[in-house]
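Trainee: I have a structure open and want to go through its strands and side-chain contacts. Can we start with what the words mean?
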Amino acid sequence: MGADGSVWITTQGDGIGRWDASTSTWERSNGKAQQVSVSAGGIPWVVQGGTQIWRGGPYTPPQPDDFATPWVSAGGNALDIGTGADGTVWMVDANRKIHRYDGSGWEHMHHTGVIRVDVDPSGNAYLVLENNHIRHWSG
């Protein structure tokens with residue numbers, strides 16, 4: 001769920017959907033993904049094909065139950081991705097290292113052994129490590 005209240009999901013078959021509160025229906029997006037996280041302004045960040053990172057938005061509804069999202073590659077390869085309400089985006093790469101998006105690329109934050117990431121509203125990361133310990137990382 002994004003800070004703006006937008007709700008995004010991934011579905012069986014790697015579909016992507018967004019909740020339209022005005023019609024109380026799910027809208028299908030173009031593209032495919034296994035994971036989604038929503039940053040400031042309702043912008044979805046997805047992991048596709050197990051590693052590719054894409055950023056979406058803005059949206060144009062071509063049909064009542066569907067909408068088109070111009071997906072833009074954000075580079076990098078991710079196992080997991082998380083976003084904060086302030087727009088900060090973090091990802092875990094295939095080597096289990098943590099990175100933060102700096103607006104044009106991924107900055108390695110010198111922490112390894114990470115398997116999952118989530119982000120608080122202020123943009124600070126919470127990391128789940130291989131040993132199942134949880135670390136707070138403000139970078």
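Mentor: Two strands pair if DSSP finds at least two bridges between them. Keep in mind that this is a predicted model.

Trainee: OK, how many bridges join strand β6 to strand β9?
Mentor: Three bridges join β6 (residues 52-55) to β9 (residues 72-83), and the two strands run antiparallel. In one of those places, Arg55 has Val72 of β9 as its bridge partner.

Trainee: And which way do β9 and β10 pair, parallel or antiparallel?
Mentor: β9 and β10 pair in the antiparallel sense, over five bridges. Ile81 has Met91 in β10 as its bridge partner.

Trainee: What sits between β9 and β10?
Mentor: The two strands form a hairpin with five residues between them. Gly87 takes a positive phi near 100° in that hairpin.

Trainee: Let's go to the start of the chain. How do β1 and β2 pair?
Mentor: Strand β1 (residues 8-10) pairs with β2 in the antiparallel sense over three bridges. Thr10 has Ile16 in β2 as its bridge partner. β1 and β2 form a hairpin with five residues between them, and Gly13 in the turn has a positive phi of about 80°.

Trainee: Then what about β2 and β3?
Mentor: β2 and β3 (residues 25-29) pair in the antiparallel sense too, over five bridges. Their hairpin has four residues between the strands, and Ser24 takes a positive phi near 55° there.

Trainee: Why is β2 called largely enclosed?
Mentor: Four of the five residues of β2 (residues 16-20) are buried, so the strand is largely enclosed by the rest of the structure.

Trainee: Which residue in β3 is the bridge partner of Trp19?
Mentor: Trp26 is the bridge partner of Trp19.

Trainee: Two Trp residues. Now to the rings: how many aromatic pairs does the structure hold?
Mentor: The structure holds four aromatic pairs. In one of them, the rings of Trp19 and Trp26 have their centres 5.1 Å apart and their planes at 65°, so the pair is edge-to-face. The cut-off behind that word is an angle over 60 degrees between the planes.

Trainee: How accessible are Trp19 and Trp26?
Mentor: Trp19 is partly exposed, with a relative accessible area of 32%. Trp26 counts as partly exposed as well, at 40% relative accessibility.

Trainee: What about the rings of Trp45 and Tyr101?
Mentor: Their centres lie 5.1 Å apart and their planes are at 70°, so this pair is edge-to-face. The pair links distant parts of the chain, with Trp45 in strand β5 (residues 43-48) and Tyr101 in strand β11, 56 residues apart.

Trainee: Are Trp45 and Tyr101 buried or exposed?
Mentor: Both Trp45 and Tyr101 are buried. Together with Trp106 they form one aromatic cluster.

Trainee: Changing topic. How many salt bridges does a search of the whole structure find?
Mentor: The search finds two. In one, the side chains of Arg18 and Glu27 meet, at 2.8 Å from N to O. Glu27 counts as buried, at 6% relative accessibility.

Trainee: And which residue forms a salt bridge with Arg96?
Mentor: Glu130 does, and the closest N and O atoms are 3.0 Å apart. Glu130 lies in the loop between β14 and β15 and Arg96 in the loop between β10 and β11, so the pair ties together parts that are 34 residues apart in sequence.

Trainee: How accessible are Glu130 and Arg96?
Mentor: Glu130 is partly exposed, with a relative accessible area of 47%. Arg96 is partly exposed, with 33%.

Technical notes: Residues numbered from 1 in each chain as written. Heavy atoms only, no water. Salt bridge = Lys/Arg side-chain N within 4 Å of Asp/Glu carboxyl O. Buried < 20%, exposed > 50% of the residue type's maximum accessible area, 1.4 Å probe, protein only. Phe/Tyr/Trp six-rings, centres within 6.5 Å; stacked < 30°, edge-to-face > 60°.
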